[in-house]
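Hi,

Here is the structure I promised to pass on. Have a look first, and my notes on the pocket and the salt bridges follow below.

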Amino acid sequence: MCQLLGMNANTPTDVTFSFTGFAQRAGATADHTDGWGIAFFEGLGVRHFVDHARALDSPVAELIRRYPIKSCNVIAHIRKATQGEVALANCHPFVRELWGHYWVFAHNGDLKDFRPRLHAHFHPVGNTDSEHAFCWIMQELSKAHARMPAITELTLTLQDLAAHIAPRGSFNFLLSNGLALWAHASTHLHYIERRHPFATAQLADEELQVDFAALTTPSDQVAVIATAPLTCNEQWTVFAPGELGLFVQGRRLRLG
């Protein structure tokens with residue numbers, strides 16, 4: 001299976017620390033070596049980097065580790081292929097436009113025989129089950145809402161769509177439109193919320209730690225989502241199977 005990394009914050013924040021440990025899972029501490037990608041929202045724009053080489057020693061990944069791009073919503077993925085060959089077109093995250101916003105999606109899992117009919121302008125470029133599912137979600141969102149709905153209404157629609165797909169296999173995913181970040185769990189997914197007072201964190205996959213108190217302000221709020229906990233000295237929360245989490249401004253929001 002692949003590995004997911006997401007970040008949602010209330011102020012532009014760099015994901016360098018988390019990505020450094022995350023990339024170790026692409027050949028050092030795990031064998032997710034079939035490509036990788038990352039997308040950063042900046043206003044209405046998206047910086048999108050993908051590479052079919054492994055993230056551990058990809059020159060593009062080295063750029064990300066050394067260049068602290070700041071964003072309020074980030075999605076990253078390292079791939080262990082289950083469907084579709086190792087190719088640039090099959091690297092997550094995938095990006096599409098809907099309602100004048102970019103949408104970014106990454107999936108960890110394996111969907112069996114989920115190839116519903118697609119129409120309109122949402123079609124996969126590669127041949128993964130993941131991109132096909134993403135295109136179907138975009139298609140169904142556009143059918144359900146004529147324009148961008150409120151975040152709460154959008155979350156309810158996404159919950160219904162995820163519940164339709166999940167019985168076909170494992171369906172852990174991250175999705176963002178730059179205004180919020182959604183995380184759906186089928187098997188393995190964890191999150192942590194960091195806020196004042198910040199402490200020192202130690203990566204689980206590499207000998208590196210950072211004192212967040214020296215790098216933040218008391219008003220900062222950051223949520224990080226990952227397939228497996230990225231640090232070994234913090235308390236991460238496990239998603240329940242079938243759970244869809246909504247993150248806005250660095251905090252998880254619960255409906256109802």
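Which element gives the largest share of the lining of the largest pocket? That is strand 1, with five residues. Before the rest, a word on the ground rules: this is a predicted model, where local features need pLDDT of at least 70 and side-chain atom pairs count only at pLDDT 80 or more, while totals for chains, interfaces and linings use all residues. Residues are numbered from 1 along each chain as its sequence is written, and side-chain values use heavy atoms, with hydrogens and water left out.

**The pocket**

The largest pocket holds about 370 Å³ of space. A pocket here is an open set of points on a 1 Å grid over the protein atoms alone, where a 1.4 Å probe fits, with protein on both sides within 12 Å along at least five of seven lines; lining residues have an atom within 4 Å of a point. The volume is the space filled by probe spheres set on the points.

Its lining counts 21 residues, and those nearest the centre are Thr 13, Asp 14, Phe 212, Leu 215 and Thr 216. Two or more lining residues come from each of strand 1 (3-14), helix 1 (16-23), strand 11 (209-211) and strand 12 (221-226). Helices (H or I, at least four residues) and strands (E, at least two) are DSSP runs, numbered from the N terminus. By type, the lining splits into 11 nonpolar, six polar and four charged residues, with Gly counted as polar, and Asp, Glu, Lys and Arg as charged.

**The salt bridges**

Searching the whole structure turns up 13 salt bridges (a side-chain nitrogen of Lys or Arg within 4 Å of a carboxyl oxygen of Asp or Glu). One of them joins Arg 47 and Glu 42 at 2.4 Å, N to O. Arg 47 is partly exposed at 34% relative accessible area, and Glu 42 is partly exposed too, at 33% (buried is under 20%, exposed over 50%, partly exposed in between, with a 1.4 Å probe and protein chains only).

Glu 243 has two arginine partners to look at. With Arg 252 the N to O distance is 2.7 Å, and both of these residues are buried. With Arg 254 the distance is 4.0 Å. Arg 254 lies in the segment after strand 15 (251-253) and Glu 243 in the loop between strand 13 (237-238) and strand 14 (244-248), so this pair ties together parts 11 residues apart in sequence. Arg 254 is exposed at 58%, whereas Glu 243 is buried at 19%.

Finally, Glu 62, Arg 65 and Arg 66 form a salt-bridge network.

Cheers
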